[in-house]
Amino acid sequence: HPAGRRMRTLAWVGIASLCLGAAWAIPAKEEKRNVEKPKLDLALYENLDLDNYDLTLDSYGDIVDLSSYEELYDYGDLAPKIEVGTLAPRPKDHEALPEVGTTAQTPKQQPLATSPVRPAPAGPSTAQGLPSCLRCLCIGTSVYCDDADLEHIPLLPPETTYLYARFNRIGAIRAGDFAGLEKLKRIDLTSNSISWADADAFRLLPSLQELVLPENRLTALPELPHSIVRLDVRLNRIPSAGLQPEAFRDLKQLQFLHLSDNQLDYIPTPLPESLRSLHLQNNNIQTMHKDTFCDSQDHSHIRRALEDIRLDGNPINLSLFPNAYFCLPRLPTGRFF
């Protein structure tokens, strides 16, 4: 019947409409969830209190446990503080290193070569008579010549304050190598082949405070300026006969005297009252005098500064000299049996 067919058609249209409505409603609901979810996550982060996560110098010790740092670090020979860096910045790419005879391009740095340089003829201490700033790296008043295959002390600009020429093949130090360098405070010639130094090589340097010469072949120690504070000649071949008589008596500013791993057979005396650290380990010292450190005639004499004495690695038995330490704040390190 036409009316019945019309009713069935309307019923099917209604069912189809309901299905389509449900199909559209589900994605809409999911889309709503997707929109709201980031808001919930963002709300979680917004509630975090990030003010307590500031890492400052005051709070760094609370976050990182530094209590055992000194135990993990081996201080070796207790070197004193140095006010300048000991290594010059080097380019990561070796091809970036300047060739001999060219000036290194360092922005915002004025090389020492801008000041007048002492004239010198071409010779073994220069590369075709050129100043060291054309062979080494000059930063401010510091000259870095580490591992530069040098056989002699290079010609230095007159304003040089710190010289680092380690890991080279320098065999000798001549009297004129540092002539006129009145501002020179530190010389570091570690790990060369130095077997000889002129007696006047360092004596006339009025500002020299640190002379660092370990791992060389020295058999004698030249005269030192009165301004010296630290002397490091470890790992050389110096016998007691290679030290001048009373070599350290007049060095009133000397604080660090490191002579370990040489061929000494007695402790050099007298030692200045300024001395804080004396390293003589791994020599051939077998005995000492009762006045080596203290004044046996004055029992009120106290050497508060001399807190670090190393005599380990020597054949001396320290227990045989009990009266030699009464003025010291602590006993020397060594064998007591």
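C327 counts as buried, with a relative accessibility of 0%, where buried means under 20% relative accessible area, exposed over 50% and partly exposed in between, computed with a 1.4 Å probe on protein chains only. The structure is a predicted model, in which local features need pLDDT of at least 70 and side-chain atom pairs count only at pLDDT 80 or more, whereas totals for chains, interfaces and linings use all residues. Residues are numbered from 1 along each chain as its sequence is written, and side-chain values use heavy atoms, with hydrogens and water left out.

The partner of C327 is C294, and the two form a disulfide with their sulfur atoms 2.0 Å apart, a disulfide being a pair of cysteine sulfur atoms within 2.5 Å. The link of C294 and C327 is left-handed, with -85 degrees about the S-S bond. Because C294 lies in the loop between β10 (277-279) and β11 (308-310) while C327 lies in the segment after β11, the pair ties together parts that are 33 residues apart in sequence; the strands named here are DSSP runs (E, at least two residues), numbered from the N terminus. C294 also counts as buried, at 2% relative accessibility.

By the distance rule, the count comes to two disulfides. C136 counts as buried at 11% relative accessibility, and C145 counts as buried at 1%.

The backbone has features of its own to follow. Most residues other than glycine have a negative phi, and most peptide bonds are trans. Against that background, the peptide bond from T269 to P270 is cis, with omega near -5 degrees, and P270 lies in the loop between β9 (256-258) and β10.

Where does D147 lie? D147 is placed in the loop between β2 (142-144) and β3 (162-164), and its phi is near 50 degrees, a positive value in a residue other than glycine. D147 is exposed, with a relative accessible area of 56%. For E246, too, phi is near 50 degrees, a positive value in a residue other than glycine, and this residue has its place in the loop between β8 (230-232) and β9. With a relative accessible area of 44%, E246 is partly exposed.

Conventions
Helices (H or I, at least four residues) and strands (E, at least two) are DSSP runs, numbered from the N terminus.
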